[in-house]
Amino acid sequence: MKFPPVPPSSELCQKIISEFCADTSPDVFEEAGCAVCGKLTPICEMEELSEVENVNLLKFDGVTRKARCKSTDPVREFRGPI
């Protein structure tokens, strides 16, 4: 193998720079809270809630609880989609 190696071609440099820009764009690493579980998730892996076909899957009684300030406060749940 010849040393030092030949410099990379301009096409290879362009490819490296383009792929770096794509891999580090805000769309790839920017996060938002999941509407279902609240977990921080990369935005590129999420769907718009308005585009979900069956939102009824998110309507399930007995799963959520409203915050209580004292142990004597009644236990109440949130109504509607989780």
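How many nonpolar, polar and charged residues does the lining of the largest pocket have? Look at Figure 1 for the answer, and keep in mind that this is a predicted model.

**Figure 1. A look into the largest pocket, which has a volume of about 310 Å³.** The lining is made up of 13 residues. Sorted by class, nine of them are nonpolar, three are charged and one is polar. If you want to find the centre of this pocket, look for Ala35, Met46, Glu47, Glu48 and Leu49, the lining residues that lie nearest to it.

**Figure 2. Here's a cis peptide bond, the one joining Phe3 to Pro4.** Its omega comes out at about -5°. In general, most peptide bonds are trans. As for where we are in the chain, Pro4 sits in the segment before helix H1, which covers residues 10-23.

**Figure 3. Cysteines, but zero disulfides in this structure.** Cys13 is in no disulfide, and the nearest cysteine sulfur, that of Cys21, is 13 Å away. A disulfide needs its two sulfur atoms within 2.5 Å.

**Figure 4. Helices H1 and H2, seen through the predictor's confidence.** Among the elements of the protein, H1 has the highest mean pLDDT, at 95. The lowest, 84, belongs to helix H2, which spans residues 26-29. For the protein as a whole, the mean pLDDT is 84, and 91% of the residues reach 70 or more. A handy reading tip: where pLDDT is low, the predicted coordinates should not be read in detail.

Note on methods
Residues numbered from 1 in each chain as written. Predicted model: local features only at pLDDT ≥ 70, side-chain atom pairs only at ≥ 80, totals over all residues. Heavy atoms only, no water. Helix = DSSP H or I, 4+ residues; strand = E, 2+ residues; numbered from the N terminus. 1 Å grid on protein atoms, 1.4 Å probe; cavity = no way out; pocket = protein on both sides within 12 Å on 5 of 7 lines; lining within 4 Å. Points joined across faces, edges and corners; volume = space filled by probe spheres on them. Nonpolar A, V, L, I, M, F, W, Y, C, P; charged D, E, K, R; others polar. pLDDT = per-residue confidence, 0-100.
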